[in-house]
Amino acid sequence: METSPKPSEAPNSKSSPTKLIAIVVVILIVVGVAAYILTLPPASTAANVLMKDDGACAASAAACLFSPTSYNATVNGPAVVWKNVGGVPHTATSNSTANGSLPSFNSNTIGQNGGTFSFTFTAKGTYHYYCNIHLWMKGIIYAN
Ligand SMILES: [Cu+2]
């Protein structure tokens with residue numbers, strides 16, 4: 001009876017460092033995977049309209065534009081996705097004066113270097129919109 005615990009202690013004392021190493025390895029793997037996921041670029045969103053600029057967007061600069069200038073959207077989706085591929089922030093803001101009673105939309109500021117905004121058009125019509133930061137940037141969405 002007294003001798004039986006002694007053999008079981010020996011494997012225990014050997015397995016403790018092994019368990020510790022295993023735990024450390026698991027932690028390292030988890031931390032490594034988490035760091036990898038966190039440093040991945042955001043999933044690329046398929047954009048329909050790109051916001052382009054020359055990095056300055058001086059008043060009335062032709063280099064600042066929505067591309068394409070006009071885009072055909074489908075009512076009730078898929079959503080239209082704007083992507084800012086320029087070097088300064090932009091917005092996609094509906095021109096409620098020109099659009100009358102059509103639903104309005106406003107992206108608020110879309111960050112440069114890849115910021116996106118999506119909007120699903122729910123009513124057929126011609127939507128004029130502009131950048132609220134650079135008022136000379138204008139675009140049209142034809143929702144059908
Ligand atoms: Cu802009």
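In which loop is Ser-60 found? Ser-60 is found in the loop between β1 (49-52) and β2. The model is predicted: local features need pLDDT of at least 70, side-chain atom pairs count only at pLDDT 80 or more, and totals for chains, interfaces and linings use all residues. Residues are numbered from 1 along each chain as its sequence is written. Helices (H or I, at least four residues) and strands (E, at least two) are DSSP runs, numbered from the N terminus.

**Positive phi at non-glycine residues**

- Although Ser-60 is not a glycine, its phi is positive, at about 60°.
- The loop between α2 (96-99) and β6 (115-119) holds Asn-113.
- Asn-113 counts as exposed, with 10 C-beta neighbours inside 10 Å.

**Cis peptide bonds**

- Ser-67 and Pro-68 are joined by a cis peptide bond, with omega near 0°.
- Pro-68 has its place in the loop between β2 (65-67) and β3 (70-73).
- The peptide bond from Gly-77 to Pro-78 is cis, and its omega is about 5°.
- Pro-78 lies in the loop that runs between β3 and β4 (80-84).

Note on methods: Buried ≥ 20, exposed ≤ 12 C-beta atoms within 10 Å, placed from the backbone.
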